[in-house]
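I opened the model today to look up a few things. Notes follow in the order I took them.

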Amino acid sequence: MKCKCEEIQKCQQDREYLMEARVIVKEIYSETDGISRNLDRLVKYSPQAYETDNITEICMAIEELDNDIEPAVNDWISIIDKQYTLLEEMEMTLKEEDDAYHRMKDLQE
């Protein structure tokens, strides 16, 4: 048996990276939602800037993008959350082993 402090640190770092990735993935969906809201405002305040056909095409393209992105974002978040949970479990196991190692080492000294 050996010290697991380094592995524990790596688990903690990896969990931080996963949380950063989760935020980025959420922001992807927020961006498409923001585009949709901005487009709605543009149509409301500057309707003469767009022909009816043009605005319909743009709205449909954004809606299709949302339809593609939303399930992907949910899948990515699910994967990230599962990996985060696995890392938490691994870290708990490593901490138990590390505590046992350090207790045994203290007894030997």
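Entry 1: I began with D81, which is partly exposed at a relative accessible area of 28%. My cut-offs: buried is under 20% relative accessible area, exposed is over 50%, and partly exposed lies in between, with a 1.4 Å probe and protein chains only. D81 forms a salt bridge with R22, and their closest N and O atoms are 2.8 Å apart. I count a salt bridge when a side-chain nitrogen of Lys or Arg is within 4 Å of a carboxyl oxygen of Asp or Glu.

**Entry 2: ground rules.** This is a predicted model, in which local features need pLDDT of at least 70 and side-chain atom pairs count only at pLDDT 80 or more, while totals for chains, interfaces and linings use all residues. Residues are numbered from 1 along each chain as its sequence is written, and side-chain values use heavy atoms, with hydrogens and water left out. Helices are DSSP runs of H or I with at least four residues, numbered from the N terminus.

**Entry 3: the other salt bridges.** How many salt bridges does the structure hold? I found 6. K4 pairs with E97, with the closest N and O atoms 3.5 Å apart. K4 lies in the segment before α1 and E97 lies in helix α2, so this pair ties together parts that are 93 residues apart in sequence. K4 is buried, at 15% relative accessible area. E97 is partly exposed, at 32%. I then looked at K2 and E7, whose side chains meet in a salt bridge at 3.8 Å, N to O. K2 is partly exposed at 49% relative accessibility, and E7 is partly exposed at 26%. R15, E91 and K95 are linked in a network of salt bridges.

Entry 4: Which side chain of opposite charge is nearest to D98? I found K4, 7.9 Å away. D98 is buried and has no salt bridge. For charge, Lys and Arg count as positive and Asp and Glu as negative; His and the chain ends are not counted. D98 is placed in helix α2, residues 52-108. Beyond residues up to four places away in sequence, D98 touches C3, K4, C5 and I8. Contact here means heavy atoms within 4.5 Å.

**Entry 5: the core.** I listed the largest nonpolar core next, and it has 10 residues, among them I8, C11, L18, L87 and L94. Such a core is a set of buried Ala, Val, Leu, Ile, Met, Phe, Trp, Tyr and Cys residues joined through side-chain atoms within 4.5 Å. The elements giving two or more residues to this core are α1 and α2. α2 gives the most, with 6 residues. I checked L87 by itself: leaving aside neighbours within four places in sequence, L87 is in contact with C11, D14, R15 and L18.

**Entry 6: the surface.** Last, I looked up a nonpolar surface patch of about 380 Å², made by I24, I28, W76 and I79. Helices α1 (5-45) and α2 each supply at least two residues of the patch. I28 lies in helix α1 and is partly exposed at 33% relative accessible area. Patch residues have over 30% relative accessible area and no salt bridge; like charges are joined within 9 Å, and nonpolar side chains (Val, Leu, Ile, Met, Phe, Trp, Tyr) within 5 Å.

Technical notes:
Areas by Shrake-Rupley, 256 points an atom, 1.4 Å probe, with all protein chains shown as cover.
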